[in-house]
Amino acid sequence: MSSVFVRYTLRSLAANRVRTAVTVVGVALATGLLAAVLVSVTSLRAALIAQSCASGGVWQAGFTYEDPETVDALRAATGEHLDRLALRRDLGAAALSAESAEESGTYLGVLSLPEEQAGTARSAGDDQYSLIPDPTVAEGRLPERAGEIALPTYLQGAELTAGPSQIAGVEAGAVSEGPLEVGSVVTLALGQRHDGMDPAHRWHSGASPMDGETFSDVGEPRAYTVVGFVETDYETGNAAFVCYDEPTATASGKAAGTAYFSTTGYASAGQIGDAIISAGVDSWSYNTTLLIYQGLDRGRAIIDSLAQIAAVLAVVIMVAAVSLISGAFTISISERTRQFGLLSSLGASRRQLRRTVLAEAAILGLVGIPLGLALGVGGAAVAFAVTADGWTAMLRETTSVSLVVAPADLALAIGLSAVTLLASALAPALRASRVSAVDAIRSSADVRPSRRLRRVFARRRTALDDLSADRRRPRGLAARLGGMPAFLARRTLAVSAGKQRVSVIALAVSVALLVTAGLVSDYLHGATGYIDTGTADLRVNLFAETDDDYLPFGDLVAQTNTLAGRAEQVAGVSETSVTSQGSVAFRLDAAGVDADALETFMQESPYGAYYLDAAGYGSAHLVLLDDATWHALAESLGLSDAEKDPATLSCVVLNAANVSNDETYGTVRPFTGAADTIELLANPENRASDQWLGPAGDGTFGLVTMDDDTMETVVAVPADELGMAAVAQVHVAAYAEGLGDAAPFSADDLGANAPNVIMPARAVAASGAAETVRQGMSSSTVYATLAPGADDAETLDALEEALEDVADYGSLGTYNLVELARQSRAMELTVNVFLYCFVAITLAISVANVFNTIASGLMLRTREFAALQSAGMGRRGFRRMIVAECSDVAVKGLVGGVVLATLVNYALFQAMSASISTLVLEMPWGHVALAFAVVVAVLALSAGYALRRTHAMNLVDALRSDVM
Amino acid sequence: MDILQIEHLTKTYGSGDTAVRALDDVSFSVGAGEFVAIIGSSGSGKSTLLHMMGGVDRPTSGTVRLNGEDVFKRTDEQLAVFRRREVGLVYQFYNLVPVLDVVENMCLPVLMDGRAVNERRLTNMLHVLGLEGREHHLPNQLSGGQQQRVAIGRALMNAPAVVLADEPTGNLDSRNSAEIMRLLRKSNKELGQTLVVITHDEDIALTADRVIALEDGRIASDTRVR
C-alpha cells in the first residue's frame, strides 16, 4: 500500500531533478556544517585536555596529610569513584648557611618522587598520562634508589657552605663538598617547617622563609649522591627530589605527604571536594584547568565558550537549513496541489498524504545526511591540517590539535539534521494532507489577495479606479515609474508577500553573515596588528647585573660598537642596530606639557601618574641609538641634515603614551610641542633609601616617598627644590607620534608610563651629560635583521652565543620576532580558515535557499507567464517584469542584511571597545559591496535558470497545462 | 473579403521516428465578420491550428495571413504586439493573470500596448458581461463562468478584428455555455468581428456560419451552415 506512495514520491523527486539536487545539497551542507562544528569543538577540547594532562598530569585534586590514615579515609570516602592515586612524601627541609642563602634561598626542601599507588581502578585511556608528572630533568637523571638526590637547577655549580644559617640558633643543615655537580655528595639535616600561627600547618617546600614560621625536628645529617638537576616548577616549588622509598630523616621520624588522585563518576568538582572533606581533610587544591576542560568546574572556561560558540553556530545552521528545506518542500507541495487533491479524491487518507511528504524528507535525508557527515568530517580534517601551526601557536605548547571523531558527535549531528528535516517537512506535510479534492481541482492558482491588497480593492469603487487618470496605465506608483512590467512585478510581490519573504530573509541572513565575517576578520586583524615588532627580526636584551655597574666599558659608543661588531660577525645576520636604555631626569618649559593629557593618563592608566608633571619636571625613558639607526630614524622623520648627524646633541621625543588597563586601550599626547629644548638633569644628591624620583599620587614630580599611614606616594622634596643641575641642553628635533617603519623597534617596545626620549649615543657620550646618563642606563638591546635564507632560530642561537661573553651582564633575553610574527599570522590564518569555512558553507546554504525559492517560484508561474504572453506581453516587457521582481527581493534582502550586519557590527564594536578604547566604529562598505555582488549574482543565476526552463516549455503546452 | 488566409499550414512536433504531424498542409480562408466553428476529435489538430492563427505558436511550414500580411514574418516582439492588437484569444482554462483583478485583467492588452482604455467600452463591457460589482475581485474569487466572461472581456477590450476561442465553454455548464456563446455571437454581430471557435459542442457548431472539421491534421470537411 505505502509502496505506491513511496514510488510516487520518488517519481516527484526525479521529475524535479535540479530542485531535488539543490535540496539534497542543502541537507548535506547543513549536516556537514553541524558535524564539522561538533567535531571541531570536540577536537579542540581534546587538545586542551591533552595539553593540560601532558603538562600537569591527570590528577583532579590533591591534599597534604600528616598521617597515612588520611589516605585510607579518602579511599573509603571516594569508594569506587577513586580512579588513580599517587603519593608524594615531604621529607622536610634543610637550612642553608647564611652565606649560601644569599644566592640559593634560606631552605632546601626535599620531596620524594610521586608514586602511583596500586590497587585502584583505572578508567580506559586515562593511563597514557601520569597522574602527577615527574619533574623535568635538566641534567643527569632522577633518583632511583635511596641515597640519591636530584637538585633544583639553581643549585647547579653552587657550593653549600657550613656555618650559621639565617634562622636564629640553627646551623646550616645543607653542606656540599665543593660546587655541586652530578656525582657530588650533599649532606642534609632535614627538619620540619611549621606555620608560626598554626603549628599544625606545615610548609612543605620553597626556599624562602615565611613570616613567623618555626623550624624544628631536625634529624641527623645524611649524605646524598647528586644524580641530576631538575627544572623547578610552580607546583613543587624549589625542592630537591629523592626516590619514594627514601627513609625519613627527621628527628621524630615523621614525614608528611601529598596525595594526588583522580576520580570517575563525579558530576562536579564540588562532589570531589565533599569526598575530601568526609575523609577529614580541610585543605586541598584542585587541578582547576583540567577540571574546567573536563566540564567538572566552571569559571572563565574556554570549554564553556567553545560550547557556546558551537551552540550558536548550530542554531544558525539549523535556522538556515530549515528555511532552505522547508522552502523546497513548500514549493514542491504547492506544485502538486492538484495531484494531492486528485489522490485525495481517489481515496488517499490524510495520513497517507502526510506520509508522502515525510517519505520525501526521509529519502532526502537518507542521501543528504551521510553525504554531509563525510563532507563535514573531511572538511574539519582538512581545516585542522591547514591550520596546525596556528593551533600550536595558540595553545602555546607543542601539542597539536588532531581530529577527534566521537560517535556521540556524529550521532548528535545526525539527530539535529533529522530534527531539522522533520521540522522543515512537518508544516508542508500538514498542508498537503489538508488539500481537499474540490479545492485542488478548482484552484486556478495558489493566490490569495493579501490583506493590504484587499483593503486597496475595497477602497476602489468604479471600474475606472483601477486605472490612472489618463487611462493609459494601471493606477499606482510602480506603473507610473516602470510601466506595465513594474506594475505586474509590484502586484505579484504584494500578493505573494509570504513566499517572497522566505527569499528576502535568506538573502538578508547571508548578506549579514558575509559582512559579519569580514568584520570579525578585520577586528581580528586589527587585534593581531597590535603586535608591532618594528623592522627587526631578532632581538637580544642585555640587562645590567645591578643598577650601578652598567657599562663596564665606561664608554657608550665603545659599548655600542662592541655589541654591533659582535652581532655583525654572526652568520645569518644582515643588519644590526644597538640601543641602550635607561632613565634620566629632565625638565622642559611648562608650555610644552599638556596638563589635560597628563590628567587623563593618571585617571585611565593602571600605573598611576605619568613621569612628567605640569611644571615640566620628569624622568625620561632614554633610548640611545647607534649612528646608523639614528640616521635612519632622523631620515624617516624628515629631520634636517644637522639633526641627522649623530654627533649633534638632539633628541626625538615620542609624543604618545598608552593608557591601557584591563578594560581599555588608548593613547594620549602628553606634549604640546611648544618646547624646543629639554634639559637633562643630574641625579639628586642625598637621597634617602626610601625615597625615589618619580610622580606622587597627585601627579607632582619630585623626590617622593611612601606615606606609611595612608600608603600613598607623597612628595618629600619638590623637583624645583632638589637643586638638580642641568647637565645638557638638548634640542628637540621632533615630537613624533610614532616611529614609522625605519626604527628596528616599535613604540610599543618602549616605556609605558615615562616619556620616551630617543637620542644618538655618540652625541650623548661626547656631551656633559655622559656620566649622568651612564649612571641611569640599565640595559642594551641588539636588534638584527636576517640575511635572506637564514634560519631565524639558528641565527638567534648564534647571536646569543656571540653576545653572551661580551661583558658581565646579569641576564640576557632573546626574542625571535620573526617567530612571534609568524605565530600571530598563523593564529590569524587559523581564525580566518574556520571563519570563512563557516561563512562559505552558510552562504552556500543561503544561495541554495534563494535559488530554490526564486527559481521554483518562477517555474510555478509558467502558466501565468504564458497567459501574459498570449495577451500580448513581449519578451522585453517580460524580462523587465522579472528583473523588477528580483530587484525588489534583492534590495529588501540587502537592506535587511545591512541592518542586521550593522547591529552585529555595533555589538562587536561594543565588545571590542571594552578592550580597545580608541577603536572607531566603521561600516565595512567593501564587504557590503561584495555581499551585494553575491546577492545579485545568485538572483540573476536563479532567475535566468528558471526563465530558461519556462521558455523551454512550449507556450501552447503552458497554456493548456492543467497542472498548476 | 477574406481577412484570414491559411495556406499550406503544417506543424510537426518532435523529429525522426517520433515526429507527430499535428497539422498537415491545411489551407482555408475566413471572411471578415464570419463565424467559423472548428470541430474534430481530440488530437485532430484543432488547438494547434488556433494557436497558429493567434500568433502564439509558429508553424513548421506554411503561412497565416491577416489582412494579407504574413503573421510569421514578424519577430517575437512584433508577434507579441500582434497578439495584443489584432487578435483576441479565449481559452478553455481562462488563463487569467491570478494577481490582477477583473478590470486589470480585462484591460491588460490595452495597457500593455500603452494605449488609453476606452471608458465607455469598459463600462459597457462589464455591464454586458454581468461583471458589475465584481470589478475588484481576483480570479480565484470568481466562479468558472465569471472567469470565462473576464477572459472574453479581455479578448474583446481591444476590439480586435479576429476573436479566437479554444473550447471557451468546455469547462462550463450548459447555462453558462449558452451565455458565453451569446456574448461572443453578439460581439461578432454587432462589431462585425471575425469569430473562430473550437468546440466539441454540436449545438454551438450549429450556430456558426461555417463548420470546418479536422481529422488527423487535415481538413475533413468544410461546411457552410448558412
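Modeller: Let's start with one pair: Phe586(A) stands opposite Leu680(A) in E22(A). This is a predicted model, where local features need pLDDT of at least 70, side-chain atom pairs count only at pLDDT 80 or more, and totals for chains, interfaces and linings use all residues. Residues are numbered from 1 along each chain as its sequence is written, while chains are lettered from A and ligands numbered from 1 in the order in which they are written.

Biologist: What makes E17(A) and E22 (residues 677-681) of chain A a pair?

Modeller: Strands pair if DSSP finds at least two bridges between them. E17(A) and E22(A) have four, in the antiparallel sense, so they pair.

Biologist: Which strand does Gln581(A) face as a bridge partner?

Modeller: That's E18(A), where its partner is Val623(A). Nine antiparallel bridges join E17(A) to E18 (residues 617-625) of chain A.

Biologist: And where does Met777(A) sit?

Modeller: In E28(A), opposite Gly582(A). E28 (residues 777-786) of chain A also runs antiparallel to E17(A), with nine bridges.

Biologist: How do you know which residues of chain B are in contact with chain A?

Modeller: Contact needs C-beta atoms, placed from the backbone, within 7 Å. By that rule, 41 residues of chain B are in contact with 38 of chain A. H3(B) gives the most to chain B's side, seven residues.

Technical notes: Contact = placed C-beta atoms within 7 Å. Helix = DSSP H or I, 4+ residues; strand = E, 2+ residues; numbered from the N terminus.
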